[in-house]
Amino acid sequence: MHIPDGLMYPATAAATGFAGAGAVAYALKKARDELDEQRIPVVGLAAAFIFAAQMVTVPVAGGTSAHLLGGAMAGILLGPWVGVLVVSVVYFVQAVGFADGGITALGANILCMGVLPAVGGYYFFRALTGLLPRTRAVYLGSVAVTSWLSIVAASALASVFIAVGGPLPLAAFPIMIGVHTLVGVLEAVISTSVVAAVLATRPDLLAGRDRLPAPAREEAA
């Protein structure tokens with residue numbers, strides 16, 4: 001899903017660059033409230049895991065690619081804005097060190113693969129778990145649904161950037177979204193497995209403890 005250089009008009013690249021920089025700046029401010037020393041090692045592990053997972057890519061259309069995101073998982077594990085910081089660092093390293101995603105498209109990549117799944121996914125997850133029974137099955141099922149939906153939504157936003165704000169034809173929409181509906185299944189499986197492992201061993205490290213299943217919430221208290 002990384003957008004390379006040249007797939008957006010200059011105005012789109014500039015606008016998304018400013019928006020992405022603003023989101024990262026806000027995330028730095030908000031992360032001070034979300035992050036404590038106990039969870040710092042988890043942040044590093046999450047960043048390393050997401051970086052490794054995203055290096056496996058499949059070409060899609062017009063220079064874009066399909067791969068796992070991990071943004072929703074980062075938001076659920078770490079909180080929305082710490083999640084944004086984690087994936088933003090990953091995208092910066094990938095763009096600068098590995099030419100995976102364009103420098104001029106970094107803002108767009110942060111918005112569609114970081115802000116949307118980490119922040120949007122986190123609050124969608126909270127909405128689901130707030131409406132449904134507080135059981136382990138519901139909690140992990142909500143992780144799976146959120147992870148799948150976040151990657152499909154991110155692919156739709158990326159399609160807007162390259163087909164409305166860029167030179168690719170509108171045919172990029174169904175191709176991008178169609179491929180990522182399938183990739184989203186793997187995203188859901190992996191994200192749910194990671195969150196399930198943390199839930200079983202260290203529920204106190206999960207963000208949004210008020211949404212934990214009752215036994216885990218008591219253990220995390």
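Helices (H or I, at least four residues) and strands (E, at least two) are DSSP runs, numbered from the N terminus. The model shown is predicted, so that local features need pLDDT of at least 70 and side-chain atom pairs count only at pLDDT 80 or more, while totals for chains, interfaces and linings use all residues. Residues are numbered from 1 along each chain as its sequence is written, and side-chain values use heavy atoms, with hydrogens and water left out.

**View 1. A172 in helix α7.** A172 lies in helix α7, which spans residues 172-201. With a relative accessible area of 5%, A172 is buried (under 20% relative accessible area, with exposed over 50% and partly exposed in between; 1.4 Å probe, protein chains only). Leaving aside neighbours within four places in sequence, A172 is in contact with S159 and I162 (contact: heavy atoms within 4.5 Å). Between the C-alpha atoms of A172 and A156, 16 residues apart along the chain, the separation is 9.5 Å.

**View 2. S155 in helix α6.** S155 belongs to helix α6 (residues 136-164). S155 counts as buried because its relative accessibility is 0%. Its side chain reaches the backbone oxygen of V152 at 2.7 Å.

**View 3. Helices α5 and α6.** The axes of α5 and α6 come within 8 Å and cross at roughly 150° (axes are lines fitted to C-alpha atoms, for helices over the stretch in contact, and angles run from 0 to 180 degrees between N-to-C directions). On the α5 side, the residues making the contact include L111, C112, L116, F124 and F125; on the α6 side, they include Y139, V143, L149, A153 and F161. The crossing of α5 and α6 is right-handed (the near helix is turned clockwise from the far one by less than a right angle; left-handed if anticlockwise).

**View 4. Helices α1 and α5.** Helix α1 (residues 10-34) and α5 have axes that come within 7 Å and cross at roughly 50°. This makes α1 oblique to α5 (angles under 35 degrees count as roughly parallel, over 145 as roughly antiparallel, 65 to 115 as roughly perpendicular and the rest as oblique). The contact is made by T16, G17, A19, G20, A23 and V24 of α1 together with G107, A108, I110, L111 and V115 of α5. α1 passes α5 in a left-handed crossing.

**View 5. Confidence along the protein chain.** The mean pLDDT of the protein chain is 87, and 91% of its residues reach 70 or more (pLDDT: the predictor's confidence in each residue, from 0 to 100). Where pLDDT is low, the predicted coordinates should not be read in detail.

Technical notes:
Polar contact = N/O pair within 3.5 Å; in protein donor to acceptor, adjacent residues only side chain to side chain.
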